[in-house]
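My notes follow the structure.

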Amino acid sequence: MELTFRLNNKEIHFESSPGQTLLALLRANGVFGVKHGCETGECGACAVLVDGKPMNACVMLAAQASGRNIATIEGMGGAQMRGWRGSEPLHALQSAFIETGAIQCGYCTPAMIVAASALLAEETSPSEMQVREALTGVLCRCTGYLKPVQAILRAAAMLRGEELPPITSDDAIPAPPGLFSPPEKNEPAITDHGIGGQTALRTTLMPTMIVAPSDPLQYVGKPEVKVDALKLAQGHPAFTDDVEMRGMLVGKLLLSPHAHALIKHLDVSKARALPGVHAVLTHKDIPRIAYTTAGQSDPEPGPHDNFSLDYKVRYVGDRVAAVAAETPEIAQKALDLIEVEYELLPAVLDPLQSMEPGAPLLHDEEESWRVEDKQHNLAAVIDWELGDVEAGFAQADYVFEDVYYSPKVQQTPIEPHVVVTWWDENDRLIIRTSTQVPFHVRRILAPVLGLAEKRIRVIKPRIGGGFGVKQEVLLEDICAHLTIVTGQPVHMEYTRAEEFFASRTRHNMVLTMKTGVMQDGTIVANAMHALSDTGASGSHAMTVAGNTGHKAMALYNAPNIKFHADIVYTNKVPSGAYRGYGVPQGFWALEIHMERIVHELGLDPLEFRLKNAIKAGDEHPVSKMWSEGREGAAETIHTCGLPECVDQAATAIRWHDRYQNARWHEVPGKPHLRRGIGVATVMQGTAIPNLDMGAASIKMNDDGSFNLLVGATDLGTGSDTVLTQMAAEVLGCPPDDFITYSSDTDFTPFDKGAYASSTTYISGRATVRAAEQVATQIREVAARMISQDGQAVESDDLVLRDRATWAPDGRSVTHREVGLNSLHHESQHQIMAVGSYVSPESPPPFAAQFATVTVDTETGQVTVDELVMAVDSGVIINPVTASGQIEGGMVQAAGYGVCEELAFDSQGRGLNDRFGPYWIYRADDVPQLTTIFVETYEESGPYGAKAVAEIPLDGAGPAIANAVYDAIGVLIKDAPLYPEKIWRALQEKG
């Protein structure tokens, strides 16, 4: 049928099919700023304005748009605009989102800007709460919402004609070596209700910075705008699905309704006969090759227990068959026509039962390999001991033992898994995919597809959030199989429900802690036993659990430490990588356990933690016992700002005024409400030593600009930007002079991918090495050019700054002149270089996480009021992007602590496979967030940097649990902190 409506102020005629959504119609016609994130209207990524009102295009029929005015991000700009760097005019909202760092992955950015524009059209001076309410319909997993809210308030001020100061790092607080002063300029205003409040947004857009002493730098340490911010703010085609291709087929999967079954018979004849169907694949049609979906460096350390299609299904959501058809409707009809006869098998859903005699076996097939013990459903086992813990327990004055539980949660990137595959003109398979690990994808898929690696090219566009779940090979293999069979381009994308029950999750763990403590509070023995549920596949099984022990058990440097992990199979959706990679589970148990100890012994929580915590100069206690990478020498902790982090965060949240202050714990006039305050101290890692490698290449152009090619994968973290800043610092020119391109297996150098908090540290070192070589070449050309104009100069005496190379006497040549000379005039050659880096070390970042809560003792409802995190991540390369990582990470961590958990029925079927029933924080219910950076200078890192991306996942959960403990005197040991758990615990307490 033909539809006519106004799209971005132009009358447009469209052909639409009955039942087609407005989202599908717009994207089919190249309006890619409207995104797919769900099919039920809960995520809001598809938001458009319909007659000026925000509506979700995924639940609106295209026919309902007839005769109406539809506005998308593509129509923003015009009269209400502010130019950006001389480019096309932008709306004030777009400028503000760019300037404030409100854009991380950028997938939800167009929807946020569209929703905000409707608010500002009606309210020129909105309050913070009005802004948050306007954003409630748009979910964001990256930002924590703070910077988008700041951006909208900034845009409102722009539209009112107010003059706004630029966002700079001038307010950073310097600290001399060994001395860290409390914040003076940037400290958030304190109210009776904590830091700021929902009606008192912090006016500063920079985090509090306690800066390490270092030489003054031009671009490193500055809040440079993200290199991809402009296109993301404008909604330009940047993501995997933002592509049109003639003859592209739609791929879909038939998924198992049973948790455990053999496929006895498959009849696909009706599906294959359906007009418009180009392929139907079952396990009989493709080779049976066991592989791992875990995107890790070679050799992959975990079980190879996956098959593209198999005769056995091991969880609800496992693959049964795949189809490729001309339309989504035909593909779905083809799936409906496939007849399957199952032989149901007993299922094991509880990890506590997985190893019991007679338990159903998940991977008893011969083809799977690197499985620890198939006959006991053991994917992997880890066991190590430092010292003698039993002797330590015997020595201790007190021994504490308890069991804790960390739940199965989903990463929920707003962009689902999506892949497009096709043959290029050279008969090579192209895989365009939303992945964190493009080079691993190519290597893992080559034997699965029966192709040489050189015949496969993997392209990673922008990623709409990853958080570890895209460190997997999930759709790439089956989409490629369909292209190989049909010879045509194929597009495959998970629905939101499939993302929940057919993707990957965090490993849920049962953790037993046993700790021996002396009378003076010294820990003399510490043991952890982890039972980790890897689900139906051993993806990341060994390394996630290994990280649980390696990071969490290293924080308190006891002489006797033991860690044991059994990683077991169950008939549930497989677990995999999730931001933090096993460490949040460990700290959930460890830090709640520590809080129990200090409460029962009457110790000071901060003094006890710092007394036992690892310190600069100490040997990393676990490094010689277990390593995710290749074995090397024991590591020494060179930098540790944890004491200063505790001091700064405690000051910011007014710990000493509130802890043990009975009056503060009460809410005047509301005796059923109780306030509490809690703390957790944490550490993470920076890359995998002696294993992870990154590389970068830099080429100089005629005009003095540079091409920076990096294999590293930017999934919204800003890695493209910070790597560009480092290169700019070396080469003496602004980041604007770089064209940065990342993650294409044909064109960029190798990089292991975006995981293990390694990009700034590993890829940054590689980028600096490449830039230093280019700088040497520039100085050599410049020395020759300057010497022609008088007294000779030595290249080593020249300095690169301000887009030029300068001699000590003030003579200079510009980068443009050097580029032209080397390419066109004299001794012609290309100035370029490649840098690579593998680190022998993994310097840990440290952090102190504080939280305040309000607990309703009548209902058990927990409201998180404040989260304050002080972080030692070495020198911060970009304070705005780094603080965005902390803010988003804290909110994500609060989710698993308070409200997130995947639920299953007795048959292994998921019960909450959509947003809403699976609740993630919205803009109007996040706590007040404060980030403090306590810099140390890590000599092994580029410009002194350490990791920042994963550590905010580690502390918020246990800090909230400890705050609840402080509020009501009840210790809740299993996450999340559902109201009914709190209520029942209060009833039991009486």
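The entries below cover the helix pair, then the salt bridges.

Entry 1, helix pair. I worked from a predicted model. I looked up helix 22 (residues 879-898) and helix 23 (residues 952-968), whose axes come within 7 Å and cross at roughly 45°. The two helices are therefore oblique to each other. I noted the crossing as right-handed. On the helix 22 side, the residues in contact include Q885, I886, M890 and Y896; on the helix 23 side they include P952, L953, D954 and I960. The residues of this contact divide into 11 nonpolar, five polar and one charged.

I found 49 salt bridges in the structure.

R442 pairs with E453, with the closest N and O atoms 4.0 Å apart. R442 sits in helix 10 (residues 438-449) and E453 in the loop between helix 10 and strand 20 (456-459), 11 residues apart. R442 is buried at 18% relative accessibility, whereas E453 is partly exposed at 35%.

K624 and E619 form a salt bridge at 2.8 Å, N to O. I listed K624 as partly exposed at 45% and E619 as partly exposed at 34%.

R803 and D737 form a salt bridge at 2.6 Å, N to O. R803 lies in the loop between strand 29 (799-801) and strand 30 (804-806), and D737 in the loop between helix 19 (719-731) and strand 28 (738-742), so the pair ties together parts 66 residues apart in sequence. R803 is partly exposed at 40% relative accessibility, while D737 is buried at 13%.

I also noted one network, in which salt bridges that share partners join K226, D228, R462, D714 and D720.

Key:
Residues are numbered from 1 along each chain as its sequence is written. This is a predicted model: local features need pLDDT of at least 70, side-chain atom pairs count only at pLDDT 80 or more; totals for chains, interfaces and linings use all residues. Side-chain values use heavy atoms; hydrogens and water are left out. Axes are lines fitted to C-alpha atoms, for helices over the stretch in contact, and angles run from 0 to 180 degrees between N-to-C directions. Helices (H or I, at least four residues) and strands (E, at least two) are DSSP runs, numbered from the N terminus. Angles under 35 degrees count as roughly parallel, over 145 as roughly antiparallel, 65 to 115 as roughly perpendicular and the rest as oblique. A crossing is left-handed if the near helix is turned anticlockwise from the far one by less than a right angle, and right-handed if clockwise. Contact means heavy atoms within 4.5 Å. Ala, Val, Leu, Ile, Met, Phe, Trp, Tyr, Cys and Pro count as nonpolar, Asp, Glu, Lys and Arg as charged, and the others, Gly among them, as polar. A salt bridge is a side-chain nitrogen of Lys or Arg within 4 Å of a carboxyl oxygen of Asp or Glu. Buried means under 20% relative accessible area, exposed over 50%, partly exposed in between (1.4 Å probe, protein chains only).
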